[in-house]
Amino acid sequence: MTDYVRTLDSLGLADLEDVGGKNASLGEMIRNLHEADIRVPGGFATTAAAYRDFMAQGNLHDRVIEALNTLDVDDIEALRDTGARIRGWILETPLPQRLRDEVEQAWQKLVDGRDADFSVAVRSSATAEDLPDASFAGQQETFLNVRGLENVLARIHEVFASLFNDRAISYRVHQGFDHGQVALSAGVQQMVRSDTGASGVLFTLDTESGFRDVVFITASWGLGETVVQGAVNPDEFYVHKQTLRAGRPAILRRNLGSKAIRMVYADPGSQELVKTEDVPEELRNRFCLSDDEVQELARQALAIEDHYDRPMDVEWARDGNDGKLYILQARPETVKSRAGGQAIERYQLKETADILCQGRSIGQRIGAGTARVIKTIDGIHEVKEGDVLVTDMTDPDWEPVMKRAAAIVTNRGGRTCHAAIIARELGVPAVVGCGDATRKIPDGKAVTVSCAEGDTGFIYDGALDFEVQEISLDTMPDIPLKVMMNVANPDRAFDFAQIPNAGIGLARLEFIISQLIGIHPRALLEYDKLPKDLKQEIDRRIAGYPGPVDFYVDKLAEGIATLSAAFAPNPVIVRMSDFKSNEYFNLLGGDLYEPKEENPMIGWRGASRYLSDDFRAAFELECRAMRRVRDDMGLTNAWVMVPFVRTVDEGKQVVELLAANGLERGKNGLKIIMMCEVPSNALLADQFLEYYDGFSIGSNDLTQLTLGLDRDSEIVAHLFDERDPAVKDLLHKAIQACRRNNKYIGICGQGPSDHPDLAKWLMDEGIESLSLNPDTVVETWLFLAGKTV
């Protein structure tokens with residue numbers, strides 16, 4: 001006789017048909033990953049046989065299938081009526097006595113010796129759930145903090161009924177699963193006291209790009225349902241797998257979430273099992289995991305991924321009482337890991353407009369349509385095909401309407417919530433965690449939702465024109481140079497790394513400083529001297545970090561490390577900051593430190609700024625960040641590049657300053673490259689190359705300084721051309737000098753991206769690499785090979 005109940009520690013993946021994917025996976029980890037120090041709470045599961053025998057009572061199964069066979073799941077009202085009727089039938093049908101008896105036996109063994117307040121989670125585990133090609137994320141019910149045998153039995157009954165939630169019915173139809181072939185197992189698992197700790201979700205790849213070399217972790221205070229449901233904007237962490245395996249500090253990036261609410265146990269005597277409450281401001285402004293905990297979670301994630309041999313989606317919790325980390329679920333990731341690798345799509349806006357609001361981007365696509373601001377699920381019938389759904393938050397009940405939307409926008413939620421998972425599966429762009437989208441986006445307004453600009457998604461006013469480019473990733477033809485990329489935004493690194501490349505020829509620190517830091521470095525160095533109101537604003541921006549200077553160094557290091565890890569082992573040439581005084585002036589606190597120059601383009605910038613007593617301490621912070629990435633994290637593919645060097649002596653002094661700050665040329669494989677962008681650089685190339693490992697030509701500045709043009713002046717803009725004979729003469733001199741001296745020579749200016757004929761001329765000149773804008777890489781590569789896209 002087949003068991004109706006089995007303990008989790010008796011299960012494995014071979015039992016999927018008996019207890020569903022979720023419970024089978026729990027057993028698999030309990031039995032096989034204990035030695036990897038992975039803690040999975042124990043419990044038991046009802047079997048598919050128990051469910052089928054329950055459904056056989058009174059022809060219940062046949063009545064359910066008959067009702068579903070005539071249902072159009074796209075008819076929202078019919079779906080609601082049919083689902084409610086079926087669930088009513090199930091709840092009216094008593095659980096078999098044998099099932100009740102076996103649950104009682106398993107319960108008594110589980111609670112033996114436990115405290116009086118012992119509680120469990122009761123979760124669904126469908127036999128078609130958590131398969132490698134479908135997530136079934138959140139389709140059935142989960143009950144937390146369940147106490148006592150009778151309550152457990154009641155929740156098992158409700159879990160059985162939840163197999164026919166509206167969302168579950170619709171999802172099975174759209175995924176092509178036969179209702180009659182799916183059975184349900186109820187998992188009963190000891191609760192982890194994350195109500196007094198923290199919890200979240202992790203993936204063993206980047207959920208947006210599919211980049212495989214990172215673990216992506218989300219975390220928030222309290223029970224994990226707030227993260228899964230999308231009710232909070234959680235903290236986010238990216239951990240580099242290879243660096244972690246090498247035993248080095250491996251956190252690439254941290255994003256502090258608002259974490260406005262948390263789910264905790266309900267008060268004793270309450271009718272509810274759990275409740276939500278506001279998170280104290282002090283906790284909102286803290287990361288809810290330490291760096292050590294982030295790395296330990298990532299280590300466990302790697303062990304799980306290695307065991308299952310595929311990318312995984314994992315729910316975790318930290319017990320606030322014992323401080324330990326626990327794994328609550330592990331299932332295959334079902335979207336990016338299934339994506340084919342022979343071609344990639346690139347969405348790009350062709351125009352811009354006012355930004356109505358912004359949040360976390362999901363899906364790397366663009367969608368446009370009429371905004372439908374929906375306050376509750378009762379209004380989802382108002383969303384028509386091609387509309388943009390705007391709401392506070394979605395849950396899996398909204399799935400039938402989500403697939404009709406051109407895009408989805410929510411006030412709340414993070415990139416691992418149910419709504420984000422379903423949006424990815426449906427291929428619908430979504431921007432989550434906007435905070436105030438339902439207030440800022442008027443109902444009925446034409447909007448464009450862009451998830452194609454990095455981690456931040458934008459909702460623009462109006463229906464904007466955009467294009468979709470499909471880039472073939474078949475074997476690229478051989479050409480006699482390396483094609484690299486110009487990349488400023490670390491948010492796009494994992495995505496851009498999938499384009500054929502030989503590394504990053506220009507990684508700009510300016511983007512990290514302006515967009516991810518936004519504060520003048522001297523304001524952080526001299527924080528104690530600042531006025532009170534400026535201190536308060538800085539305190540708000542650096543929340544989660546130990547102090548002002550740590551914030552600056554940490555954010556720089558995070559940006560550099562993300563770029564370096566994404567493109568490893570290829571070189572990433574990091575240009576040290578090249579802001580001009582007017583650009584530094586625009587940073588918070590910049591007005592206190594920057595001069596007003598008549599022509600900042602040829603003023604206090606680059607090497608002269610680094611050597612100045614007024615900026616040297618700030619430059620040394622950049623050196624600290626670079627040293628951390630190379631020496632501590634081991635990402636030695638990061639090279640240093642020095643911009644705007646006017647004289648040979650100035651170039652020599654900067655190399656000496658770098659060495660004094662632990663960045664010695666040649667040590668630990670460090671290469672120091674110089675931007676060749678001032679005519680003196682090309683004219684005295686051999687002398688400059690005595691102190692540098694090569695040149696990267698900045699064709700923008702070289703052109704304006706050779707032709708005496710202000711490249712920002714529209715009056716003379718028509719004269720700006722990198723192909724001018726005078727400019728090409730200097731390019732020739734620089735290239736040949738590097739070749740004579742056996743030094744690196746590349747170009748990272750705009751010219752080759754804009755002018756394929758210039759790219760070909762440079763190739764014929766013998767240049768070693770072209771660093772192009774990402775959207776021109778494939779087209780220029782094929783042009784140089786004599787082919788077309």
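Biologist: Which residues in H23 are buried?

Modeller: Buried means under 20% relative accessible area, with a 1.4 Å probe and protein chains only. In H23, these are Val648, Glu650, Gly651, Val654, Val655, Leu657 and Leu658. This is a predicted model, where local features need pLDDT of at least 70, side-chain atom pairs count only at pLDDT 80 or more, and totals for chains, interfaces and linings use all residues. Residues are numbered from 1 along each chain as its sequence is written, and side-chain values use heavy atoms, leaving out hydrogens and water.

Biologist: What covers the buried residues of H23?

Modeller: Contact means heavy atoms within 4.5 Å. The cover includes helices H21, H22 and H25 and strands E26 and E27. Helices (H or I, at least four residues) and strands (E, at least two) are DSSP runs, numbered from the N terminus.

Biologist: How do I read ring pairs, and how many aromatic pairs are there in the whole structure?

Modeller: Rings of Phe, Tyr and Trp (its six-membered ring) pair if their centres lie within 6.5 Å; planes under 30 degrees apart count as stacked, over 60 as edge-to-face and the rest as tilted. The search finds 16 aromatic pairs. For Trp604 and Phe615, the centres are 6.4 Å apart and the planes at 80 degrees, so this pair is edge-to-face. Trp604 lies in the loop between H20 and H21, and Phe615 in the loop between H21 and H22. Both Trp604 and Phe615 are buried.

Biologist: What about the rings of Tyr610 and Phe619?

Modeller: Their centres are 4.0 Å apart and their planes at 15 degrees, so Tyr610 and Phe619 are stacked. Tyr610 and Phe619 are also buried.

Conventions
Buried means under 20% relative accessible area, exposed over 50%, partly exposed in between (1.4 Å probe, protein chains only).
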